[in-house]
Each structure stands twice: as C-alpha cells, then as structure tokens.
Amino acid sequence: MTDVPTFRYHPDPVGTGEVITSDAPCRCCGRHRGLMYTGPVYSEDEVVEELCLWCISDGSAATLFEAELTAVLDVPDDVPQPVLTEVLTRTPGFSGWQQEHWMFHCADAAAYLGKVGYEDLLVVPEALEMINQPATALSATGEATGYLFRCLHCGTHLAYADHV
Ligand SMILES: [Zn+2]
Ligand SMILES: [Zn+2]
C-alpha cells in the first residue's frame, strides 16, 4: 500500500477506528485498496463500509453519492467555506451515539483525535471543562462517550460528549 492519504482534520483515522484494513472492493473506484472507511455516509444511497480512503481523500466518493461524511452544528462565522467543504466531503467522519458534530477553533476546523473517557480528559482540562454532563461516567467504549479534538493553530483541546 503506497501513498496512504493523510487528512488535516482527522490525522489518524485508523487509530480512531473509522478506517479499517479490508480487502473489500470500493464502491466508488472499484479497486481493492486495503483501507476502507467505516464511518457515517449521509447520502440517499445507503453506503456502509464500501468506500476506500483514497476516494474519501480526493472527494470522488462524496461527489458520486452526493454525500457528506459528517455533520456540523453552529459553525462559527469566521470559518471559510473551503474548510467546511473539506470537513464535510473529503475528511473521514466519526460515529457517535447521537448525531455527531465537528468542532471548530481559531477560524478553522479542529482535528478529530478520537473517542475518549474521563481518564483521557483529565490530562486535557480545557476540554474536560467543555463537557456539559457528568464527566466521570464517560468512557471511550462505554455508553457515554467523549469526542476529543485539537485546534491546529493554538493547540487547545476541545471536546463534547453524548450518550446512548
Ligand atoms: Zn475507492
Ligand atoms: Zn485555537
């Protein structure tokens, strides 16, 4: 496997579990490229674990299925449209318990680092402070989960949480 795509706003999609190694064919390019996206695809067609990382990266999957790969909520006015387009259509998304949403900081989208629990948040107090529910119950694999991001400019960690 050569030239694995990299993503500014989702630096380790294998580590976060949203991309898996798989020999399945990609429904977009038809090739067996070895890394398949398992996160959400918002489109009219149902597309589940059928897109390779390359078709995510170059936007061809989003174009073919008129899909978005994540959701945004309350986008700050200072975030440029190209950033929003990159997050929505050319960045692997992630699955939450409820409708997930991307986070923003310093007029840019933040990098998604993955699901976290209370212990993980203790080392990033600025993110822990943003959690508006009892944080001690959070677990990366349990029924209440935190979602951690990091600002690409100032390094501030951001987080929100949801539950089943
Ligand atoms: Zn593909
Ligand atoms: Zn920042």
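Which residues touch the most other members of the largest nonpolar core? They are A110, L148, F149 and A159, and the core they belong to has 21 residues. A nonpolar core here is a set of buried Ala, Val, Leu, Ile, Met, Phe, Trp, Tyr and Cys residues joined through C-beta atoms within 7 Å. A residue is buried if 20 or more other C-beta atoms lie within 10 Å of its own, exposed if 12 or fewer, and partly exposed in between, with C-beta atoms placed from the backbone.

Before we walk on, a word about what you are looking at. This is a predicted model, in which local features need pLDDT of at least 70 and side-chain atom pairs count only at pLDDT 80 or more, while totals for chains, interfaces and linings use all residues. Residues are numbered from 1 along each chain as its sequence is written, and chains are lettered from A and ligands numbered from 1 in the order in which they are written.

The strands β6 (111-116), β7 (144-150) and β8 (157-163) each supply at least two of its residues, and β6 gives the largest share, four residues. Strands (E, at least two residues) and helices (H or I, at least four) are DSSP runs, numbered from the N terminus. The core also draws at least three residues from each of domain 1 (1-95) and domain 2 (97-163); these bounds come from an automatic or database domain assignment. Apart from this core lies another, of 17 residues, including C26, C52, I56 and F65.

Now let us follow the strands. β6, β7 and β8 form an open sheet in that order, with antiparallel pairing. Two strands pair if DSSP finds at least two bridges between them. β6 and β8 are the edge strands, each pairing on one side only. Between β6 and β7 there are five bridges, and A111 has R150 in β7 as its bridge partner. Between β7 and β8 there are seven bridges; here G146 stands opposite A161, and Y147 stands opposite Y160. β7 and β8 also make a hairpin with six residues between them, and G155 in the turn has a positive phi of about 80°. Six of the seven residues of β7 are buried, so this strand is largely enclosed by the rest of the structure.

Leaving out residues up to four places away in sequence, A110 touches M103, F104, H105, F149, R150, C151, L152 and L158. Contact means that the C-beta atoms of two residues, placed from the backbone, lie within 7 Å.

Next, step back to the two domains. Their centres, taken over C-alpha atoms, are separated by 20 Å. Where they meet, 17 residues of domain 1 are in contact with eleven residues of domain 2. The domain 1 side has eleven nonpolar, five polar and one charged residues. In this count Ala, Val, Leu, Ile, Met, Phe, Trp, Tyr, Cys and Pro are nonpolar, Asp, Glu, Lys and Arg are charged, and the others, Gly among them, are polar.

Finally, visit two loops. D74 lies between α2 (60-65) and α3 (81-89), and its phi is near 50°, a positive value in a residue other than glycine. D74 is exposed, with 7 other C-beta atoms within 10 Å. A107 sits in the loop between β4 (104-105) and β5 (108-109). A107 has a positive phi of about 60° although it is not a glycine, and with 12 C-beta neighbours inside 10 Å it counts as exposed.
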